Amino acid sequence: MRVVIVTESFPPDVNGVAHCALQTARHLVDRGHPPLVVAPAPAPGTDPDADAPCQVIRVPSLPLPGYPQVRVALPSRRLAAALVAHCPDVVHLAGPFVLGVRGMAAAARLGIPAVAVYQTDLAGYARTYMGAGEAAAWRRIRSVHAAADRTLAPSSAARSDLEEHGIPRVALWPRGVDTVRFRPDRRDEALRRALAPHGERIVGYVGRLAPEKHVELLSGVCGLPGVRVVVVGDGPSRGQLAEALPGAVFLGRRTGGELARIFASLDLFVHTGPFETFCQTVQEAMASGVPVVAPAAGGPLDLVAHGRTGLLVPPGDATAVQEAVRALAADPARRAAYGAAARASVEGRTWAAVGDQLIDHYDQVLAARRTAVAA
């Protein structure tokens with residue numbers, strides 16, 4: 001099977017769309033279907049393709065405002081030329097919005113089936129940044145995804161949103177997690193002493209520091225006795241958050257084994273963003289054996305079993321976040337039970353297992369296209 005993967009953003013260590021595209025490419029290589037990847041050009045002076053698992057074609061890009069590490073693709077004729085040259089059986093569009101729209105149109109002209117992966121709550125972002133524009137965002141999403149042979153939603157909540165807004169041919173495809181990298185035995189007592197020298201319970205957030213993530217909801221947690229808040233990540237809101245979260249430790253961007261060590265060294269992981277179509281960091285915390293507090297919205301609804309692997313709280317409710325953390329911080333036995341159950345719940349969600357599900361989706365789309373042609 002010949003596949004072209006088109007991703008709107010880069011790099012994979014700080015961007016969920018790019019991370020999922022990279023894991024997909026690796027799995028296709030492992031299964032004997034090395035894809036061609038079309039992706040945004042990286043920041044000047046970097047050479048990420050030296051370790052790429054397959055051929056990569058780069059298109060012009062711009063940095064994301066306020067977060068220059070993330071690059072977003074610009075429309076490019078290279079994409080159509082790549083499809084013609086590669087002759088794929090399937091075009092995989094990761095988070096199509098700009099470059100992916102071009103990919104969808106080119107695939108249609110060439111008669112190639114397209115699978116579109118929905119990964120970003122653009123309507124929620126419009127509400128956060130502009131206070132309006134949700135209807136326009138959904139019109140854009142609908143125009144893009146309605147042209148796909150299949151749209152893959154990462155969670156039950158995302159699938160319901162798409163279907164309620166008239167998107168046809170939607171199926172569920174979740175995300176995998178690296179259960180070898182993220183695991184409980186990465187816990188580092190020396191790191192814990194450095195972060196919490198007085199033996200505080202360590203409550204962590206990992207992710208982009210931007211308005212839509214609402215990390216300021218941790219302000220009440222910073223005031224809890226015996227609790228130390230640790231924030232991992234970077235973004236345009238870092239300055240404001242340093243003021244809003246007194247006493248919190250800001251570690252900046254962390255990746256790879258270092259990030260896994262931080263996850264496993266937490267006592268509790270808190271995610272505050274209400275617009276997550278999946279929420280990969282919740283799953284990485286769970287793989288690390290860490291109980292989770294997350295909003296009862298979007299992707300976390302599929303990931304967190306309330307009262308078994310963590311606690312779900314009303315979105316945007318700082319008091320509820322504080323009380324959930326207070327309860328778990330004071331109950332080590334409950335934290336241990338939740339953490340063990342969290343790890344057990346994700347052990348079957350490897351990228352290999354999820355990748356095989358994706359190949360099944362490709363096969364079903366190809367079979368449906370053959371049936372339609374024969375009819």
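## A right-handed crossover

A crossover is right-handed if, with the strands pointing away from the viewer, the path from the first strand over the helix to the second runs clockwise. In this predicted model, strand β12 (residues 227-232), helix α9 (residues 238-244) and strand β13 (residues 249-252) make a right-handed β-α-β unit. The two strands, β12 and β13, pair in the parallel sense over three bridges, and Val232 stands opposite Gly252 in β13.

## Nonpolar cores

The largest nonpolar core has 30 residues, and those with the most contacts inside it are Phe263, Phe269, Val282 and Val292. Among the elements that give two or more residues to this core are β12, α10 (256-264), α11 (280-287) and α14 (332-346). Apart from it lies another core, of 27 residues, which includes Val229, Val270, Val293 and Leu311.

Phe263, which counts as buried at 0% relative accessibility, touches residues including Phe182, Val206, Phe269 and Val290, when residues up to four places away in sequence are not counted.

## Aromatic pairs

A search of the whole structure finds three aromatic pairs. The rings of Tyr118 and Trp138 have their centres 6.5 Å apart and their planes at 25°, so this pair is stacked; it links distant parts of the chain, with Tyr118 in the loop between β8 (114-117) and α4 (122-130) and Trp138 in helix α5 (residues 134-145). Tyr118 is buried at 4% relative accessibility, and Trp138 is buried with a relative accessible area of 8%.

Phe263 and Phe269 form a tilted pair, 5.6 Å centre to centre with 50° between the planes, and together with Phe182 these residues form one aromatic cluster.

Note on methods. Residues are numbered from 1 along each chain as its sequence is written. This is a predicted model: local features need pLDDT of at least 70, side-chain atom pairs count only at pLDDT 80 or more; totals for chains, interfaces and linings use all residues. Side-chain values use heavy atoms; hydrogens and water are left out. Two strands pair if DSSP finds at least two bridges between them. Helices (H or I, at least four residues) and strands (E, at least two) are DSSP runs, numbered from the N terminus. A nonpolar core is a set of buried Ala, Val, Leu, Ile, Met, Phe, Trp, Tyr and Cys residues joined through side-chain atoms within 4.5 Å. Buried means under 20% relative accessible area, exposed over 50%, partly exposed in between (1.4 Å probe, protein chains only). Contact means heavy atoms within 4.5 Å. Rings of Phe, Tyr and Trp (its six-membered ring) pair if their centres lie within 6.5 Å; planes under 30 degrees apart count as stacked, over 60 as edge-to-face and the rest as tilted.
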